[in-house]
Amino acid sequence: MFSFLMAKEECISQRNKTEHSSILRNRKNIPTSLKTSQAPFTSVSKDKISQTAGHSSEDDNQSSNGSSAQLFTRRHGESPVKVLLLLVVGLSFSTRLYKITEPPHVCWDETHFGKMGSYYINRTFFFDVHPPLGKMLIGLAGYMTGYDGTFPFIKPGDKYEQQNYWGMRGFCAVLGSFLPIFAYLIVLELSQSHTAAFITAILLIFDTGCITISQYILLDPILMFFIMAAVLSMVKFNQQRYRPFTASWWFWLVLTGVNLAGAFGVKFVGLFVILLVGLNTIWDLWRLLGDLSLSLVDVAKHFLARVVGLILLPLFLYVTVFAVHFVVLNKSGPGDGFFSSAFQSRLMGNNLYNASMPEYLAYGSTITVKNLRIAGGYLHSHWHLYPEGVGSRQQQVTAYSHKDYNNLWLVHRQDDNNSQSGSPDLVRHGDIIRLEHKETTRNLHSHLHEAPLTKKHFQVTGYGINGTGDTNDLWQLEVCGGRKGDLVKVLRSKVRFLHRATGCVLYSSGKTLPKWGWEQVEVTCSPYLKETPSSQWNIEDHINPKLPNISLSVLKPHFLEILLESHIVMIRGNSGLKPKDNEMNSKPWHWPINYQGLRFSGVNETEYRVYLLGNPVVWWLNLASLGLYLIMVAVASVTIQRGFSLGPKRIEQSQVLMRGGGLLLLGWLLHYAPFYTMGRVLYYHHYFPAMLFSSMLTGITVDILLNSADLILQPPYSDWMQRVGQMVLLLSVLYSFYLFHPLSYGMTGPLAHEPGSAMAGLKWMDSWEF
Amino acid sequence: MSAMLQLPLVVTAQVDLVLVLVSLLALWTRLSRLSYPNAVVFDEVYYGQFVSLYMKRVFFIDDSGPPLGHMILALGAYLGGFDGNFVWNRIGAEYPSSVSVWSLRVLPALCGALCVPLVYLLTLELRFSHLSALGAAVLLLLENSLIVQSRFMLLESVLIFLVLLAFFSYLRFHNAPTSSWFRYVWLLLSGVSCAAAIGVKYMGLFSYLLLLGVAFLHTWNLVGDQSVSHLNVCVQCVCRVVCLLVVPVLLYVFWFYLHLSLLNRSGPHDQLMSSAFQASLQGGLSRITQGQPLEVAYGSQVTLRSSASQLIPCWLHSHKANYPVRYENGRGSSHQQQVTCYPFKDVNNWWIIKHPGRQELVVDTPPRPVRHGDVIQLVHGMTSRFLNSHDVAAPMSPHAQEVSGYVDFNVSMPAQNLWKVDISNREAESEVWKTILSEVRLVHVNTSAVLKLSGVSLPEWGFRQLEVVAEKLFKAHGSSLGWNVEEHRYGTSQEPKEREAELHSPTHIDVDRKISFWAKFLELQWKMLAVKQEESEHKYSSAPLEWITMETNIAYWLHATTNAQIHLIGNPVSWGVANLSLLAYQLLAAVYMLRRRRGFKDLPDAVWDQFVCLGCVCVGGWVVNFVPFLLMEKTLFLYHYLPALCYLYLLSPALLEHTHTHLLSSVTHRCALCVCVSAVLLSVFVSYRTFCPLTYGSPELSANQLRGLRWRDTWDILYRRR
């Protein structure tokens, strides 16, 4: 696949060369062709080097490149280059796949994602806050390697025994192994320096954090694979700018789009890379717009091509992923209650699937009432009271997403309690009813006290004993859009409950109650009578033995409705992941300084322990080079702005710093800064995409820094210094990896603060927990 | 000499009469009948308590903002002779005659009034005409919400004033000829007003950042200007850095210096601060700790306070109650005496430090100090039990070890009561354990676990006190491990009975201890940023997106018996004008930019620069004062939108002028525009008059008239049922 691709590119460049050689000012072809030396094109690429060098000297704004480029390592010939890439590939795969089956028990979030992979194999419907692609791929990998989906993944530490779990882990590890390779190629494209690319790859290959996070059944390796692939294709696409609408141009454009869809389909964090590509594209279009040699029609063509490749295509793929998700998961499962009644009727095994129940609501029936707001819960009550200081101290009424016997309510007339004999009367629009909670026999009640969270609304409680309460228990039932005397259809009628005494309407605010309310959703009585889904309800279950059951041909929802609904449910779920009290919450500023890792497996001395923590040497080097990068860019841009004349080599370097480095810095910022504004619970592993960008930036920065040794030393010494610097860097990364590798590959025995441990003396920060 | 003196001596003064006129009108609208209503209005109830505390010089901590704003309000109160003796407990409470309401409200009202001439001048500095300047001033003058917000003891008007002043003086600096040195006074003024704006409310920070951005761009152009010498560029850059970065930071710290030197008495919020901080305040802890011995010695009687960063302080505590034999979940305990952390001062918080090898519980003469690394035993003062830990799961955190007061039940569970003193903030290896200053970890010798506050409350059997456990060092870290000695005295009585009496008596001896201002500043600043308010919704709170369309209002005050009331409602017409101009600017800017990129220069460069500068200041100002609210999770109110709104009022007339001079070419179009503008101004005035009764709280309106003013269904206007 790879060599085919390169071959195609070669052909294209050949054609270009003959047709309009002046367009071929793109000297950046060179490394691409060098890489392809696997294919028999050696003579051609040599040919092209001379040709391009010749052209670049004609080109006024890049005239410096040809001469300065000779200083770079890539001029040393092709075989070391090929060796470098092969070395990166070999090291990357071997470090990631080593001891892949260890430990043979469930580690950390494998309990979620492994379980969800199994759900796909079993075709059981579930709910998760992330989009489905990652878990589908895990499920697929498991299926292909003979895993049958029967392992329950109940909690971390469960032994896998006979199960074929290696396939899922191996799949993630293989994707994770591509990260250093992609990073190598990206940096190579951006800086044209093999040294920079190799430094980046070494940093990532020997980072214990990247190894650990790639080795388990997690979404992160899949996510990062797509992120890096998207960036790589974007960078490659940028290189094609002088040959628009050629096959390779289209190829990289489409590949970018595909990878964007992949990244967003695994986790919503993929949005950040979409932003990165979006900003890059806007910049590119702005450049095209300013190019007055292009007609407006050409600009429009460029624009439309990007709309198709980067918006429509990813959107289509993303929707397709969801379509597959819904087709595959057609059995009822643990996720049902999060979705609307209509949605549930699609799922085999759900009580609404081909349901049969009395068609019209009647007095004496037992019902569940579901809020129509998307992801709204069932009207719920339980034996607990509102705490002191929150309205009056009566029984709580909430909305609850799960199916539960506490969701059952009895429908009564306003005056009598005992159901009559004979066929029961039907409830009509405008009737005044009383709802009795079946389990606790309290009536649904409201009064002029403030609701617990939405202070403008009134509190809703459970009141009375055995159905005897007061006039505040009376509710007028209205069918939306109905007239007096209309019957209430189960499932299909939208109804509202108007409180008789205060005139307010039963409402679910969607806000999560604090601990005393078991983190269920608040139910209030709203004095604003606007018709919103929050104040509309439908009757979902309906049990009345005295009425004949009718099979309901429930309206199956449209695919787009399902799609929209599941997204809103996911977003709600995501923002609902609030940090709990007493739980150790990781702060974004902890991450770049490698303040604290995550325990993947094992706590005690006897257990097999794996600890997710970045190689401190790598991470602190990354942190330092961020500062270094800013200083170098500041110095470079002030010099240029002030109009000092620079040598061609310096101009080349500052271009790489500002363009390539700028892109990577933007990537780092986009993948890191937004976490400061997030209210949801955060973990250390959220930093890893940003860390990839940071490492690539380190590669470029350190390389240029070492290359600038001739600013202070004479030529022979400056070259030596450069070599020495590179060797020191390589050796220190290798040695630190040797020291810290037990974090990834597992350790047993005493803990680090005891002298007999393998990690003795390596607990450089008190906050590390190994 | 005589040659220099030229006669006649002439003074020429140019007075902009329009400017004077709008200033006078602004003063009249903001200051007339300022002491009506003579009652606590809305957030005065909140700021008032701080003003009272300033008057009494009692320390407090307020997480809503830095102290300068409160100090400005307190200055007004001080000038009016307010003695701090008024309880601000509810909105609508009448002020007694001893409180000078006028002086409490005059400073914010003055700031609010001065905003009007300031926008006039600012428009001129943006290089628009006097007519535009007048338009901006009129829009601000007739904005009901700004009037309401200015007329009470609130801070928004002060913030708006300072931010506008910062931009005005910066532009003055930028527009002044490069040769004059006087212009650096304007730059300095700009830096000072930025510091003051941040000192009033943290929202000022965003305007400051915008100003820095604009200044950076200007400086960047200066750096690129080859006609200026290197030396000159360096000097100018240094001046800008000093005025816009160094001075504001120093001033910001200075506000805290003032705050801390004004408030030197202990008060209700003491307990949030560290012991060392509290000891620096008069009264409170310092009264107790004044004259305590500094060095902890064998035989010392101490209370140990947890330095956990949570808000409630607590002290290591034990009492005559044992752990239940079995917990609710069936797990067993050692059934020894409970050791907890107790959030109140109590005689049971006293512990005695004992040398493991000796029996005495009194201090030798001379005292033998305890040093880092020493092994000690801790004896509970009232029950004489030894602090003990062992391999039994703790009641609420089963992964950690239980800590108990050792009781020997003869069940082969030996006492493990040796603890090693580990001073975590030591400077030398043999440092002496110091009262208040030293933060100590107590490491259990047998198991090398550390004494720790787990943060969980015990159930009923533990009297809901906080659980104390011992946890292995590798798991536990952070401040929940540290303890410091708060109260301390040298024990003198060997007999248990005498010792009990001694523990009950207060401590006394003399030493004076101080912590530096910087330590206090950093601690206070950290606490202010870290304190999280209880997430609660207010009846009148609103979401940022509702502000643009003014979906909600806020009822500020309702007369005790009549329908007279004051609401925060903006002038709906001006509000609409502001939104329209925001939209129009963005559209226009987009069109201009696209066309320029394709090589069509619609505007001459000077006009384009003026247009861009207008956008940077006004649209930029709106963005930085509005967008951050979208990301905030705190309770927000309509008045948070007012600073952003002022920028839009600045934008509208300037944009109209731009349209008039550069977009409309034919005379008829221009005339039509003038007619439209006059009509809009007229309707602005009419709607201002219409809402006046709700702005000034008089005259009283009937229920029907009030209903007529409810232009939107979502507005909440109060009617009294008669």
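Predicted model: local features only at pLDDT ≥ 70, side-chain atom pairs only at ≥ 80, totals over all residues.

**Entry 1: chain B as a whole**

I then listed the secondary structure of chain B and found 20 helices and 14 strands. The C-alpha trace of chain B spans about 110 × 80 × 60 Å along its principal axes. Of the contacts with a separation of 6 or more, 74% are between residues 24 or more positions apart.

**Entry 2: confidence**

I looked up the scores next. The model has an ipTM of 0.71 and a pTM of 0.75. For chain B the mean pLDDT is 86, and 93% of its residues reach 70 or more. I marked residues 508–512 of chain B, where the pLDDT is below 50. In the model this stretch has 9 contacts beyond near neighbours in sequence.

**Entry 3: where chain B touches chain A**

I counted residues on both sides of the interface. On chain B 29 residues are in contact with 38 residues of chain A. The size of an interface is often given as the accessible area lost when the parts come together. For chain B and chain A the buried area is about 2,700 Å², and carbon and sulfur atoms give 53% of it.

How many salt bridges are there between chain B and chain A? The count is 0. The rule does find 9 residue pairs in polar contact across this interface, with both residues at pLDDT 80 or more.

At least two residues each come from α9 (204–224), α10 (230–262), β10 (449–457) and α16 (572–597) of chain B. The most come from α9(B), which gives 5 residues. By type, I sorted the residues on the side of chain B that touches chain A into 11 nonpolar, 11 polar and 7 charged.

**Entry 4: salt bridges**

Over all chains the structure holds 24 salt bridges. I wrote down a few of them.

In chain A, A:R650 forms a salt bridge with A:D710, and their closest N and O atoms are 2.8 Å apart. A:R650 lies in helix α18 (residues 648–672) and A:D710 in the loop between α19 (688–707) and α20 (715–745), so the pair ties together parts of chain A that are 60 residues apart in sequence. A:D710 counts as partly exposed because its relative accessibility is 32%.

In chain B, the side chains of B:E44 and B:R105 meet in a salt bridge at 2.8 Å, N to O. B:E44 is in helix α2 (residues 44–56) and B:R105 in helix α4 (residues 101–125) of chain B, so this pair ties together parts that are 61 residues apart in sequence. Buried or exposed? I found that B:E44 counts as buried, at 0% relative accessibility. B:R105 counts as buried too, at 0%.

Also in chain B, B:E156 forms a salt bridge with B:K201, with 3.0 Å between the closest N and O atoms. B:E156 sits in helix α7 (residues 156–175) and B:K201 in the loop between α8 (183–200) and α9 of chain B, so I noted a link between distant parts of the chain, 45 residues apart. Both B:E156 and B:K201 are buried.

I looked up A:K135, which lies in helix α7 (residues 133–144) of chain A. Why does A:K135 count as buried? Its relative accessible area is 1%, and buried means under 20%. The side chain of A:K135 makes a polar contact with the side chain of A:D128, at 2.6 Å. Leaving aside neighbours within four places in sequence, its contacts include A:F113, A:Y120 and A:L219.

I then turned to A:E531, in the loop between β12 (521–526) and β13 (537–543) of chain A. A:E531 counts as partly exposed, at 49% relative accessibility. Not counting residues up to four places away in sequence, A:E531 touches A:C480, A:R496 and A:Q536. The C-alpha atoms of A:E531 and A:G90 are separated by 63 Å, and these residues are 441 residues apart along the chain.

Note on methods: Residues numbered from 1 in each chain as written. Chains lettered and ligands numbered in written order. Heavy atoms only, no water. Contact = heavy atoms within 4.5 Å. Buried area = accessible area lost by both parts, 1.4 Å probe. Salt bridge = Lys/Arg side-chain N within 4 Å of Asp/Glu carboxyl O. Polar contact = N/O pair within 3.5 Å; in protein donor to acceptor, adjacent residues only side chain to side chain. Helix = DSSP H or I, 4+ residues; strand = E, 2+ residues; numbered from the N terminus. Nonpolar A, V, L, I, M, F, W, Y, C, P; charged D, E, K, R; others polar. pLDDT = per-residue confidence, 0-100. Buried < 20%, exposed > 50% of the residue type's maximum accessible area, 1.4 Å probe, protein only.
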